[in-house]
Amino acid sequence: SEVDECEVEMYVPELIHITQPNITTEEELLPLCYYDGFKLCWNADQNNENGVILILEWIGKMVIGNDIPDTHIRRTCVVDDDGETVLSNNLFEGIPDTAVCHLAVLRGNMEYINIEDESFNIMAESHEFLSFVLIREVTLL
């Protein structure tokens, strides 16, 4: 059988990399992050007009105290791809002090194409994950 060739042009964004919090050693794998004013930084992609999707998730795991089974909170927001944002406090609503949270940071692009009356989605995506301990209460000694 003969295979028809089809050319699709689409923007493929740069691979994303979280730069702050900066984790360089194994000891830093679970950084302590204060919820109020939590600044997140990544390598910006000036050509990405779709923004960056942030997906925060907590599944009941705690560092101090008992885990909370059957718990699942997921919140999503989209921010400009300018390399930094301060996370809204609303993202952390209902998530307690010392909770182990997971944050996915991703960017991508998608094109819809039709070839001989068939539709296809072509997607290019890059993401990175950050796990951290949410800090709500700070006690000064």
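Me: Buried means under 20% relative accessible area, exposed means over 50%, and partly exposed is in between, with a 1.4 Å probe and protein chains only. What does R74 count as?

Reply: R74 counts as exposed, at 53% relative accessibility. Bear in mind that this is a predicted model, where local features need pLDDT of at least 70, side-chain atom pairs count only at pLDDT 80 or more, and totals for chains, interfaces and linings use all residues. Residues are numbered from 1 along each chain as its sequence is written, and side-chain values use heavy atoms, with hydrogens and water left out.

Me: OK. Which residue forms a salt bridge with R74?

Reply: E57 does. The closest N and O atoms of E57 and R74 are 2.7 Å apart. A salt bridge here is a side-chain nitrogen of Lys or Arg within 4 Å of a carboxyl oxygen of Asp or Glu.

Me: Why would such side chains pair at all?

Reply: Side chains of opposite charge can pair when their charged atoms come close.

Me: Back to E57 and R74. Which strands do they lie in?

Reply: E57 lies in strand β4, residues 52-58, and R74 in strand β5, residues 73-79. So the pair ties together parts that are 17 residues apart in sequence. Strands are DSSP runs (E, at least two residues), numbered from the N terminus.

Me: How many salt bridges does the structure hold?

Reply: Four. One of them joins K39 and E84. Their closest N and O atoms are 3.7 Å apart. K39 lies in strand β3 (residues 39-42) and E84 in strand β6 (residues 84-86), so this pair ties together parts that are 45 residues apart in sequence.

Me: K39: buried, exposed or partly exposed?

Reply: Partly exposed, with a relative accessible area of 33%. E84 is partly exposed too, at 42%.

Me: Which residue does D67 meet in a salt bridge?

Reply: K61. Their side chains meet at 3.7 Å, N to O. D67 is partly exposed, with a relative accessible area of 38%. K61 is also partly exposed, at 43%.

Me: New topic: the backbone. Which peptide bond is cis, with omega near 0°?

Reply: The one from Q20 to P21. P21 has its place in the loop between β1 (18-20) and β2 (32-34).

Me: What about the phi of D70?

Reply: Phi of D70 is positive, about 55°, although D70 is not a glycine. D70 lies in the loop between β4 and β5.

Me: Is D70 buried or exposed?

Reply: Exposed. Its relative accessible area is 86%.

Me: And what is phi of T98 near?

Reply: Near 70°. That is a positive value in a residue other than glycine. T98 lies in the loop between β6 and β7, and β7 covers 99-115.

Me: T98, then: buried or exposed?

Reply: Buried. The relative accessible area of T98 is 9%.

Me: Let's look at the loop between β4 and β5 again. Where is I64?

Reply: I64 has its place in that loop. I64 is exposed, with a relative accessible area of 60%.

Me: Now pockets. Which residues line the largest one?

Reply: The lining is made up of H17, I18, P21, N22, I23, T24, L29, E128, F129, L130 and S131. The grid is 1 Å, over the protein atoms alone; a pocket is an open set of points where a 1.4 Å probe fits, with protein on both sides within 12 Å along at least five of seven lines, and lining residues have an atom within 4 Å of a point.

Me: Where does S126 lie?

Reply: S126 lies in strand β8 as well. S126 counts as buried, at 6% relative accessibility.

Me: How many residues apart in sequence are S126 and C41?

Reply: 85 residues. In space, S126 and C41 are 15 Å apart, C-alpha to C-alpha.

Me: Last one. Where is C77 found?

Reply: In strand β5. C77 counts as partly exposed, at 23% relative accessibility. C77 and E49 are 28 residues apart in sequence and 15 Å apart in space, C-alpha to C-alpha.

Definitions and conventions
Helices (H or I, at least four residues) and strands (E, at least two) are DSSP runs, numbered from the N terminus.
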